[in-house]
Amino acid sequence: MLDEFSSAKAAPVWGFFVLVALYITGVVMVNKTSVSDGVILIFDQPIAHRSLTGAFSSISNLCLVMLVVLYKKPGFYVSLFALATSFPALITRILHHNYTVIPGIFVNCVMIIIIIIIYRTTSRSARYQEKMRDLALTDRLTGLPNRYAASEMMNGLIQKNEPFAFAVINLNYFKNINNAMGQQAGDKALIQIGNRWQKLADDGTTGTNDFVASQSGNEFSVIIRDYASEEQLRNSVERYADALKEKIVIDDSDFVLTASIGYATFPGDAKDGDTLLNCAYSAMIQAKKMDHTGLICRFETGMLGSSHTIEMESKIRSALDNGRFFFNLQPQFDMDHKLRGFEALARMKDENGQFISPGEFIPVAEKAGLVDRIDHEVLIGATAFIGEMVQKYHSDVILSVNASVRHLLRNGFVDEIREALNSSGLPAEQLEIEITESVMIDSVEKAIECIHQLTELGVHIAIDDFGTGYSSLSYLNTFPVDVLKVDQSFIIKMHSGEASKQYVAAIIAIGHVMNFRVVAEGVEETDQLEDLKEIGCDYIQGFLWGKPMSPEDAAKLMEEESVRCG
């Protein structure tokens with residue numbers, strides 16, 4: 001079901017036949033011009049027909065290469081057949097003492113080698129693409145599509161303007177299973193529940209077209225389509241709640257779980273994915289507040305808590321206008337504990353000097369269109385500080401600065417970077433701009449243009465939170481990326497099972513295949529560090545070796561590093 005929204009667009013069928021026709025035409029023209037004694041006039045200059053033979057031969061060979069590149073296996077076999085069938089005619093000419101065709105035999109042999117190499121290379125790339133897509137869109141524990149797959153499905157339906165409902169299901173008191181039986185038992189429960197709901201969706205017994213996904217932990221989501229009425233939609237949602245009434249058996253122990261479910265509809269309740277998600281979550285939270293025995297709650301306008309959002313937006317604007325945004329720096333190290341550099345992190349105080357969590361102000365800033373102003377404040381402050389420290393200690397540390405999609409795609413972004421570099425004295429090659437995977441979907445052409453301009457300045461590019469979204473390898477090949485940052489959610493789960501560890505290993509391996517360096521985020525335990533060393537990670541960032549720190553503490557760390565390495 002998800003394939004229709006996430007698969008790459010294939011080359012048109014008619015193009016296949018056009019290339020074949022061009023190839024045949026080229027071969028016919030090669031045969032005619034190679035034995036012709038005629039001439040043609042080009043700009044009043046006589047050109048012998050035979051001198052055009054090479055041009056027509058090149059066109060024919062180019063058509064074969066395009067068949068393999070664009071049409072994979074069918075193109076490969078057609079090209080191989082076309083080249084193979086040309087040998088008998090060439091050999092016959094040699095037997096009749098026409099030795100002028102010997103170069104043609106040589107060219108055909110080379111072309112066979114070339115198309116075999118191209119086919120093997122593109123096939124390997126396609127396998128990596130499929131593996132990456134599977135890793136990015138599948139929850140490794142339950143085997144269900146993950147929240148990024150659900151988001152992709154949801155956005156695809158919105159683009160097609162197809163009505164649907166989005167339901168969020170949160171299991172009540174799930175932590176009791178983990179506390180009583182351990183995390184492995186909890187994982188088994190999630191797998192059973194996921195299988196039960198997936199079977200319900202596959203059987204079609206709900207009467208609607210359903211897409212079940214794992215959101216995170218004990219939270220699931222269902223995208224519901226093709227319902228004829230509100231009553232049918234409600235009945236479909238109730239079937240998922242009813243499926244929990246049957247007991248779950250874990251290690252010979254019986255459990256009965258309930259869930260709080262909230263749902264909202266497109267386009268009735270929201271016109272975009274983010275708002276719809278907020279509506280569904282608000283309804284689910286309302287269900288939890290009202291009843292913990294499995295209440296289902298449909299979204300209503302008053303559930304969004306807009307007053308808090310308005311208040312936070314006002315605080316953000318005030319902080320921007322009065323200089324209450326600042327930055328902390330979190331160090332990054334290589335696997336031998338040598339300082340690589342710092343990531344600049346936005347921080348905020350309110351009018352009373354109280355710190356406000358980034359988890360509170362960043363989502364509101366993104367929705368209010370203020371995140372680019374926050375990015376700019378951090379960029380100017382952090383480059384000025386690190387530029388000063390680099391000159392003082394003659395250091396080669398890297399400064400990583402986040403750029404939101406909105407900021408990156410704004411006109412003048414490259415000029416902002418250039419100005420920051422010029423004013424701070426920070427060498428361009430010591431600045432790294434972190435972008436998220438979503439930029440590959442939002443506006444690929446403009447993003448590529450902007451990123452190429454940055455790399456021309458000498459600035460490096462990193463993909464932040466890699467693995468949490470769907471990255472087309474073709475886009476990664478197009479972007480001049482230097483670094484992939486593995487999201488901390490995968491590092492935290494590394495010890496939950498071998499599959500989770502192998503997922504991180506796969507991301508690192510794919511990064512190295514594409515000649516990227518890899519930074520693991522959120523490393524907090526020694527065991528995580530040892531595993532990352534074992535699977536070949538390049539750098540780490542996390543509380544184990546360094547929490548976000550003030551510029552003053554960062555300066556001390558750079559001084560210590562300078563003394564140690566000096």
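Me: Why is A447 called buried?

Reply: A447 has 0% relative accessibility, so A447 counts as buried. Buried means under 20% relative accessible area, exposed over 50%, and partly exposed in between (1.4 Å probe, protein chains only). A447 sits in helix α16, residues 444-457. Helices here are DSSP runs of H or I with at least four residues, strands are runs of E with at least two, and both are numbered from the N terminus. A447 and I435 are 12 residues apart in sequence and 10.0 Å apart in space, C-alpha to C-alpha.

Me: What are these values based on?

Reply: This is a predicted model, with local features needing pLDDT of at least 70 and side-chain atom pairs counting only at pLDDT 80 or more, while totals for chains, interfaces and linings use all residues. Residues are numbered from 1 along each chain as its sequence is written, and side-chain values use heavy atoms, leaving out hydrogens and water.

Me: Why are α12 and α21 called roughly parallel?

Reply: Angles under 35 degrees count as roughly parallel, over 145 as roughly antiparallel, 65 to 115 as roughly perpendicular and the rest as oblique. The axes of α12 (residues 371-393) and α21 (residues 551-565) cross at roughly 25° and come within 11 Å. α12 and α21 are therefore roughly parallel to each other. Axes are lines fitted to C-alpha atoms, for helices over the stretch in contact, and angles run from 0 to 180 degrees between N-to-C directions. The crossing of α12 and α21 is right-handed: the near helix is turned clockwise from the far one by less than a right angle.

Me: Which residues of α12 and α21 meet?

Reply: From α12 come F385, I386, M389, V390 and Y393; from α21 come P551, A554, A555, M558, E559 and S562. Contact means heavy atoms within 4.5 Å. Nine of the contact residues are nonpolar, one is polar and one is charged. Ala, Val, Leu, Ile, Met, Phe, Trp, Tyr, Cys and Pro count as nonpolar, Asp, Glu, Lys and Arg as charged, and the others, Gly among them, as polar.

Me: How do the axes of α12 and α14 lie?

Reply: The axes of α12 and α14 (residues 413-424) come within 8 Å and cross at roughly 30°. Their contact divides into five nonpolar, five polar and two charged residues.

Me: What makes a nonpolar core?

Reply: Buried Ala, Val, Leu, Ile, Met, Phe, Trp, Tyr and Cys residues, joined through side-chain atoms within 4.5 Å. The largest has 83 residues, and I386 is among those with the most contacts inside it. α12 gives the largest share, 10 residues.
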